[in-house]
Amino acid sequence: MRFYEGFLICDVYFNQIVMNSKLFTPVKLGPLTLRNRTIRSAAFESMCPGNKPSEQLLDYHRSVAAGGVGMTTVAYAAVTRSGLSFDRQLWMRPEIVSGLRRLTDAVHVEGAAASIQLGHCGNMSHKSICGCLPVGASSGFNLYSPTFVRGLRADELPEMARAYGRAVCLARESGFDAVEIHAGHGYLISQFLSPATNHRKDIFGGSLENRMRFMDMVMDEVMTAAGNDMAVLVKMNMRDGFRGGMELEESLQVARRLQQSGAHALVLSGGFFSLSLLNISQPTRLRRISYAAFCLKKKKKEHKKKYSNVKADKNQL
Ligand SMILES: Cc1cc2nc3c(=O)[nH]c(=O)nc-3n(C[C@H](O)[C@H](O)[C@H](O)COP(=O)(O)O)c2cc1C
C-alpha cells in the first residue's frame, strides 16, 4: 500500500497507473521509434581506458537497457583526438567500432535503442590529454585546465565539421540508432555560440548569425552522414548561466536553426562545464589554486563594492 495524490492505494493499482502514463508509450524521434519516452542522458562513465570501450562500459549500458529505458546514451565521445577532455573517454576511430558494436548488440537484445553523444571539448582540455595545444573558438588562457588555447583558424573549421560527420558514420557502423551532438555546456560548438567565449573578428564571430555558422557547418555534415535511418539529437544550452553568456532569447533562435537543419530532438540543458564548481573543485592541484585565486579576486571585488556603498551612504548622512 502507498499514498498517491492523497489516496492510499495498493501496489498493483499503483503500477497500473504508472504503466498507463504517457511516459511509457512509444515515441518517434525521426526515423527511430522508442519503446517508451525515457532516455538515459549522456553522463560521462569514465570506463574507457585507452579511449576505447571496455567490458565495464558494455555491462553498464546493458544493465540500463535491461532496466527498461527507451534509449540509453553512451556519454561523450570525441570526434577527434584534440576533442578529448578526459582520459578514459571515448575517441571515435575505426579501431573501436567492433567494441562499440558489441555494446549496441547487447543493448538491442534488452529491447532498448542506443545513442552516442559526439562532440569536441574545444578549450576544455590539456596537452597531456588531447595531445596538442587545446583549440577553441578563440585564443586565450583557460583557467579550467589551466592552459593557453589556440583559436581555430577559419580554414580549419570545414575539416573540424567533417570530423563530426565521420564520427556519425562510425556510430552507424557500430550499430547506434541515434547520435546526440553536443552543442552545450561550453564544449566547442557552445564556445562558438556563446558571446562570452567567442571573440572572433571574422565571419564566425560577432552577430548570432555569425556565431551559429560553425554549428550550421557541423549540422550539414551530421545530417548528411545520418541519412534517413539515424535519429539526430542535439544537446544545447538554454542559458550559459553567467553574465555575458548566451541567454534565452538567443537560445530560442539557436533551437529554431537546429530544427531547420533537420535535428529530430533537442536536449535542453544549461551551464558551462569549465565554470562548474563540481569540476573545478575536483581534479588537479593547479586547477584548485587557479580557482581559489579567481574566488579571491571575486570576493575582493564584492567587498570593494559593498564598502564603496557604505561610504556613499555615510556621505549622504
Ligand atoms: C557525473 C556526470 C557526468 C556527466 N557527463 C555528461 C556528459 O558526458 N555529457 C553531457 O552532455 N552531460 C553530462 N552530464 C550532464 C547531464 O547529462 C545533465 O545534463 C545534467 O545532469 C543536468 O541536467 P539538465 O541538462 O536537465 O539540466 C553529466 C552529469 C553528471 C552528474
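This is a predicted model: local features need pLDDT of at least 70, side-chain atom pairs count only at pLDDT 80 or more; totals for chains, interfaces and linings use all residues.
**View 1**

**View 2. The contact of helix α5 with helix α8.** Helix α5 (residues 157-173) and helix α8 (residues 213-226) have axes that come within 8 Å and cross at roughly 30 degrees. Angles under 35 degrees count as roughly parallel, and α5 and α8 are therefore described as roughly parallel to each other. The crossing in which α5 passes α8 is right-handed. On the α5 side the contact is made by L157, P158, A161, R162, Y164, G165, V168 and C169, and on the α8 side by F214, M217, V218, E221, V222, T224, A225 and A226. Sorted by class, the residues of this contact between α5 and α8 comprise 12 nonpolar, 2 polar and 2 charged.

**View 3. The contact of helix α2 with helix α3.** The axes of α2 (residues 55-66) and α3 (residues 97-109) come within 8 Å of each other, and the angle at which they cross is roughly 20 degrees. With that crossing angle, α2 and α3 are therefore also roughly parallel to each other. As α2 passes α3, the crossing is right-handed. Helix α2 contributes L57, L58, H61, R62 and A65 to the contact, while helix α3 contributes R102, L103, A106 and V107. Of the residues in the contact of α2 with α3, 6 are nonpolar, 1 is polar and 2 are charged.

**View 4. An open sheet of 3 strands.** The strands of this open sheet follow the order β9-β11-β10, and their pairing is mixed. Strands β9 (135-136) and β10 (140-142) stand at the edges, where each has a single partner strand, so one side of each is left without a neighbour in the sheet. Strand β10 runs antiparallel to β11 (residues 147-151), to which 3 bridges join it. For N142, the bridge partner in β11 is T147.

Technical notes
Residues are numbered from 1 along each chain as its sequence is written. Axes are lines fitted to C-alpha atoms, for helices over the stretch in contact, and angles run from 0 to 180 degrees between N-to-C directions. Helices (H or I, at least four residues) and strands (E, at least two) are DSSP runs, numbered from the N terminus. Angles under 35 degrees count as roughly parallel, over 145 as roughly antiparallel, 65 to 115 as roughly perpendicular and the rest as oblique. A crossing is left-handed if the near helix is turned anticlockwise from the far one by less than a right angle, and right-handed if clockwise. Two residues are in contact if their C-beta atoms, placed from the backbone, lie within 7 Å. Ala, Val, Leu, Ile, Met, Phe, Trp, Tyr, Cys and Pro count as nonpolar, Asp, Glu, Lys and Arg as charged, and the others, Gly among them, as polar. Two strands pair if DSSP finds at least two bridges between them.
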